[in-house]
Amino acid sequence: MKSKPLSIALLAISCVAVLSLWFAASVVTPALIADYGIGPTRAAMLTTAVQIGFVAGSLVSAILGLPDRLDPRLLYCAAALTGAVANAAFLFVEPGSTVSIVLRLITGAIMAGVYPVAMKLSVSWAKNDAGLLVGTLVGALTVGSALPHLFAFAGDLDWRVVMTTASTAAAIGAVLVLGVGIGPGFKNAGRFDPHVALRALKSRPLRLANFGYFGHMWELYAVWAWLGSYIAASFTVTGMADAASNARLVAFLAIGSGALGAFGGGYLADRIGRTRLTIIALAISGVCCLAAGPLFGAAPGLIVLLSLVWGVSVIADSAQFSTGVAELSEPGTQGTILTVQTAIGFAITVITVQGLPAWVELVGWQWAFLPLVLGPIFGIVAMARLRNLPEAAKMAGGKR
């Protein structure tokens with residue numbers, strides 16, 4: 001049997017490489033708008049199609065029980081290779097066309113065979129360190145999501161180079177996962193049960209935990225998708241030379257730094273409580289939403305600091321919502337309830353990712369992120385109410 005450290009390391013590296021597909025088209029959207037005259041609605045669809053695809057793929061995978069019927073490593077490998085091909089095919093169609101959006105939809109759908117499967121493989125090695133392992137995988141998701149910004153920075157935003165590099169990285173990640181071992185704790189999850197799914201909204205503790213996650217998701221992917229554009233616009237206002245190129249590097253550092261937030265959030269949540277950690281993280285990211293307006297056009301150093309703090313805080317609580325829901329769920333129902341949580345959460349991201357460009361047309365980049373503060377506020381209220389329930393003692397070993 002392969003060792004735990006080697007398996008987790010290979011899995012994390014593979015996830016970073018494969019998940020670079022997620023925002024590959026989003027990062028090059030400004031270049032596509034300039035070169036092909038794509039409208040804001042179509043441009044936003046290049047990102048929201050991935051979100052919609054992931055929701056659909058997750059539900060299909062859960063209903064068919066694919067991770068339980070197939071070797072999870074082979075499923076992951078096949079999905080990653082399919083995503084690499086779909087992303088590469090984007091090079092041969094007109095950007096912004098219906099076909100290009102369908103290709104992004106396919107890319108999102110195959111992520112359901114990558115990220116959730118990677119989480120299951122990781123947890124199979126858990127022994128009193130599940131929070132740490134989940135945080136590690138969320139950190140890998142974060143770095144992978146940031147990676148296209150680095151590709152763009154290195155390639156001076158030649159969108160073909162960015163897309164090709166992302167597909168190549170995903171193909172390498174697909175091969176790496178074959179070297180990952182399956183831990184002794186690997187268990188097949190129960191099949192998707194729509195009756196059980198209703199408990200996610202009927203049970204008050206589960207409902208509040210899910211509401212916290214929904215508030216978090218209202219903000220997260222919109223920040224990841226559009227932070228680079230905000231930074232570029234702010235740098236341009238200050239008259240910075242190479243504003244767009246510098247913005248890509250800062251966006252990579254900001255989003256990638258979220259790996260530290262995910263890892264640190266998991267470590268702290270096990271010690272101070274999941275509700276407390278999530279409330280703190282939501283409060284910090286909510287303040288960043290508000291601060292982005294007054295700081296627009298400020299000294300670049302302040303924008304860099306804002307971006308780094310935002311990048312760490314916006315993802316620090318992510319894994320804790322899923323872990324908390326699993327702890328609050330009855331044994332044998334976690335898979336279904338987590339599927340519901342993920343599906344609704346990613347469906348919510350479509351609203352903010354797709355709607356933000358239209359909002360920017362009305363108010364400009366200075367106040368682009370103001371509507372996102374509603375998510376942290378909603379999440380804080382939900383988690384504060386959950387904290388006061390006796391059921392909250394089921395999470396993090398009784399720590400609230």
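Me: Leaving aside its neighbours within four places in sequence, which residues is serine 318 in contact with?
Reply: A word first: this is a predicted model. Serine 318 sits in helix H18, residues 318-328. Contact means heavy atoms within 4.5 Å. With neighbours within four places in sequence left aside, the contacts of serine 318 are Val138 and His216.

Me: Does serine 318 count as buried or exposed?
Reply: Buried means under 20% relative accessible area. Serine 318 has 12% relative accessibility, so serine 318 counts as buried.

Me: Which residues does threonine 278 contact, leaving aside its neighbours within four places in sequence?
Reply: Threonine 278 lies in helix H16, residues 274-295. Its relative accessible area is 0%, so threonine 278 is buried. Setting aside neighbours within four places in sequence, threonine 278 touches Asp317, Gln320, Phe321 and Met383.

Me: Is leucine 103 buried or exposed?
Reply: Leucine 103 belongs to helix H7, residues 98-110. The cut-off for buried is under 20% relative accessible area. Leucine 103 has 12%, so leucine 103 is buried.

Me: What separates the C-alpha atoms of leucine 103 and alanine 152?
Reply: Along the chain, leucine 103 and alanine 152 are 49 residues apart.

Me: How are H15 and H17 placed to each other?
Reply: Helix H15 spans residues 258-272 and helix H17 spans residues 300-316. Their axes lie 7 Å apart, at an angle of about 40 degrees. Angles under 35 degrees count as roughly parallel, and 65 to 115 as roughly perpendicular. H15 and H17 are therefore oblique to each other.

Me: How do the residues of the contact of H15 with H17 divide?
Reply: H15 passes H17 in a right-handed crossing. H15 brings Gly258, Gly261, Ala262 and Gly265 to the contact, and H17 brings Gly311, Val312, Ile315 and Ala316. Gly counts as polar. The contact of H15 with H17 has 4 nonpolar, 4 polar and no charged residues.

Me: Why is the pair of phenylalanine 54 and phenylalanine 346 tilted?
Reply: The whole structure holds 18 aromatic pairs. In this one, the ring centres of phenylalanine 54 and phenylalanine 346 are 4.5 Å apart. Planes under 30 degrees apart count as stacked, over 60 as edge-to-face and the rest as tilted. The planes of phenylalanine 54 and phenylalanine 346 are at 45 degrees, so the pair is tilted.

Me: Which helices does the pair of phenylalanine 54 and phenylalanine 346 link?
Reply: Phenylalanine 54 is buried, at 1% relative accessible area. Phenylalanine 346 is buried too, at 5%. The two residues are 292 residues apart, in helix H4 and helix H19.

Me: Is phenylalanine 378 buried or partly exposed?
Reply: Phenylalanine 378, in helix H20, pairs with phenylalanine 211 in helix H13. Phenylalanine 211 is partly exposed at 26% relative accessibility. Buried needs under 20% and exposed needs over 50%. Phenylalanine 378 has 42%, so phenylalanine 378 counts as partly exposed.

Me: Which residues do ring pairs link into a cluster?
Reply: Rings pair if their centres lie within 6.5 Å. Such pairs join up into a cluster of Trp22, Phe23, Phe54, Tyr221, Trp224 and Phe346.

Key: Residues numbered from 1 in each chain as written. Predicted model: local features only at pLDDT ≥ 70, side-chain atom pairs only at ≥ 80, totals over all residues. Heavy atoms only, no water. Axes fitted to C-alpha atoms, helices over the stretch in contact; angles between N-to-C directions. Helix = DSSP H or I, 4+ residues; strand = E, 2+ residues; numbered from the N terminus. Parallel < 35°, antiparallel > 145°, perpendicular 65-115°, else oblique. Left-handed = near helix turned anticlockwise from the far one by under 90°. Buried < 20%, exposed > 50% of the residue type's maximum accessible area, 1.4 Å probe, protein only. Phe/Tyr/Trp six-rings, centres within 6.5 Å; stacked < 30°, edge-to-face > 60°.
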